[in-house]
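Please read them next to the model.

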Amino acid sequence: MNAVKNFGPKELRQIVLSQLHGLAPEADLSTLRPHDDLRETLEIDSFDFLNFLIALDQEVGVEIPEKDYGKVGTLAGLMDYLLVRLPEAT
Amino acid sequence: MAEFRMPSLGADMQSGKLLEWKVAPGTLVKRGQVVAVVGTEKGDIEVEVFEEGLIQNFAVQEGAEVPVGAPLAWIDGGAAHPGQPEKNAPPPAVEKTEQRIRVSPLARKLAAELGVDLTQIQGSGPHGAIDKDDIERAARQTAPPLPAAEGTPGKADFQAGMRRAIALAMTRANRDIPHYYLECRIDMTRALSWLEAENLKRPIQNRLLPAVLLIKAVAKALVKVPQLNGYWTEDALQIAEGIHIGFAIALRQGGLVTPAIHHADLQGADELMANLRDLILRTRSGRLRSSELTDATITVTHLGDLGVEKVFGVIYPPQVALVGFGKISEEVWVEKGMLGVRPVLHATLAGDHRASDGRTGAEFLESLDQLLQAPEALFAA
């Protein structure tokens, strides 16, 4: 985890999208809808998904345990999950 | 004086391009040392050497397209120990020609095009030299003919090359291997709770994936049922000593590679995860080692990751089995008359019926199931 920064929903969304772009460079993320299954829509395998979570932990300081994978499967779910758990919100 | 030859990095490879020498003449090399980088349809491969010795001189320069089996360099094994150096000179020309395969340039080119292995041909020319007619004769004997490859592609049509390599191997598999298929459902409750507990103890960077459990379970099941671990060569099953699991890794741009995880049965959970991570990253960036492409004794494909329920795979020749894992999903499960919902994995086995029978395959799947029911023992020494 890096130095704690102040994230608004907009910045957070930017970080998430840029990480997703790194995993699926060929996908057009502007067509991704909030409730699409991220892994299915972008064809992200379990290895890449774990790398995605590792990167999020490093960038925003939220470590998502395995039991919560079900809550972060969509963009909307992931955003909600992260927003209430950002370091300064606790 | 030993010849270091262009290795066959898969059943489908006909030639490779020598991209880079990692050593210079006069270098003392050790077994397993990377000595060159070769461009193939599976990416750029770091080629290892399998004997100790002094690199005498190169047979080809960087940039050369070299057929499988043709010499790349000469290694003096007698000079392996410094202190008693042999004369560090290139071997006399005569000695060279005695050891290398005598073949005309035209024949060599034709052999590469037709996929003929030069080491398997008795030449009919002077001093046993192989000529164009010998190649054509050998190519006709390989019946039915496989589609001829049009030389090795450059980077631009890498994908087309990869497609063609897969086409060749799979055509051969479907033509030569009488497959049988078995399937079983495995209750993953215990395995997943063990995994979750393990992962709670680790920082996120060291988390284990279910694939680690599955690979280890396959490896241990093969210890019990070794008949599925090996190769079908010369009309007989050769059971392999080591258990090297070829793990199918799909590439986003299309195609797949199945590099080997060496001695998977002997690895701990963290070691296996680290090796898997390293292997996936190097497969994607196109930096595998030759031994990883050639050593797999069985293949595991894990398509469940992308939502598929079960996989009935095609065996990668000359291997004799392929294990397929589907998605782990909640299913209705009946046990001791009780109806419940469990996380269930569909495991399949594709077996080569020349090498084994369904009974052997069934023993393997049963053993796999038992191992996954006792996950804590899976990694116990």
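**Notes on the two-chain model**

1. Arg284(B) makes a salt bridge to Asp45(A), with the closest N and O atoms 3.3 Å apart. A salt bridge here is a side-chain nitrogen of Lys or Arg within 4 Å of a carboxyl oxygen of Asp or Glu. Asp48(A) also forms a salt bridge with Arg284(B), at 2.9 Å between the closest N and O atoms. That pair crosses between chains, from helix α3 (residues 46-60) of chain A to helix α7 of chain B. Asp48(A) is buried, because its relative accessible area is 6%. Arg284(B) counts as partly exposed at 31%. The cut-offs are under 20% relative accessible area for buried, over 50% for exposed and partly exposed in between (1.4 Å probe, protein chains only).

2. Ground rules. This is a predicted model: local features need pLDDT of at least 70, side-chain atom pairs count only at pLDDT 80 or more, and totals for chains, interfaces and linings use all residues. Residues are numbered from 1 along each chain as its sequence is written, chains are lettered from A and ligands numbered from 1 in the order in which they are written, and side-chain values use heavy atoms, with hydrogens and water left out.

3. The interface. Chain B brings 18 residues to the contact and chain A brings 24 residues, where contact means heavy atoms within 4.5 Å. About 1800 Å² is buried between the chains, and carbon and sulfur atoms give 51% of that area. Buried area is the accessible area (1.4 Å probe) that two parts lose on being put together, summed over both. Ile204(B), Arg207(B) and Arg252(B) supply 38% of what chain B buries against chain A, more than any other three residues.

4. Four salt bridges are counted between chain B and chain A. On the side of chain B that touches chain A, α5 (189-200) and α7 (269-285) are the elements that give two or more residues. Helix α7(B) gives the most, with five residues. Helices are DSSP runs (H or I, at least four residues), strands likewise (E, at least two), numbered from the N terminus.

5. Other salt bridges. Check Asp270(B) and Arg202(B): their closest N and O atoms are 2.2 Å apart. This pair links distant parts of the chain, 68 residues apart, with Asp270(B) in helix α7 and Arg202(B) in the loop between α5 and α6. Asp270(B) is partly exposed at 43%, whereas Arg202(B) is buried at 13%. Shared partners join Glu46(B), Asp278(B), Arg282(B), Arg287(B), Arg289(B) and Glu292(B) into one network of salt bridges.

6. The core. Which residues touch the most other members of the largest nonpolar core? Among its 108 residues, they are Leu20(A), Leu82(A), Trp21(B), Ile245(B), Phe364(B) and Leu368(B). Helix α6 (residues 210-224) of chain B gives the most to this core, with 10 residues. A nonpolar core is a set of buried Ala, Val, Leu, Ile, Met, Phe, Trp, Tyr and Cys residues joined through side-chain atoms within 4.5 Å.

7. Two buried positions in chain B. Ala73(B) lies in strand β8 (residues 71-76). Ala73(B) counts as buried because its relative accessibility is 0%. His244(B) sits in the loop between β11 (236-239) and β12 (245-247). His244(B) is buried too, with a relative accessible area of 11%.
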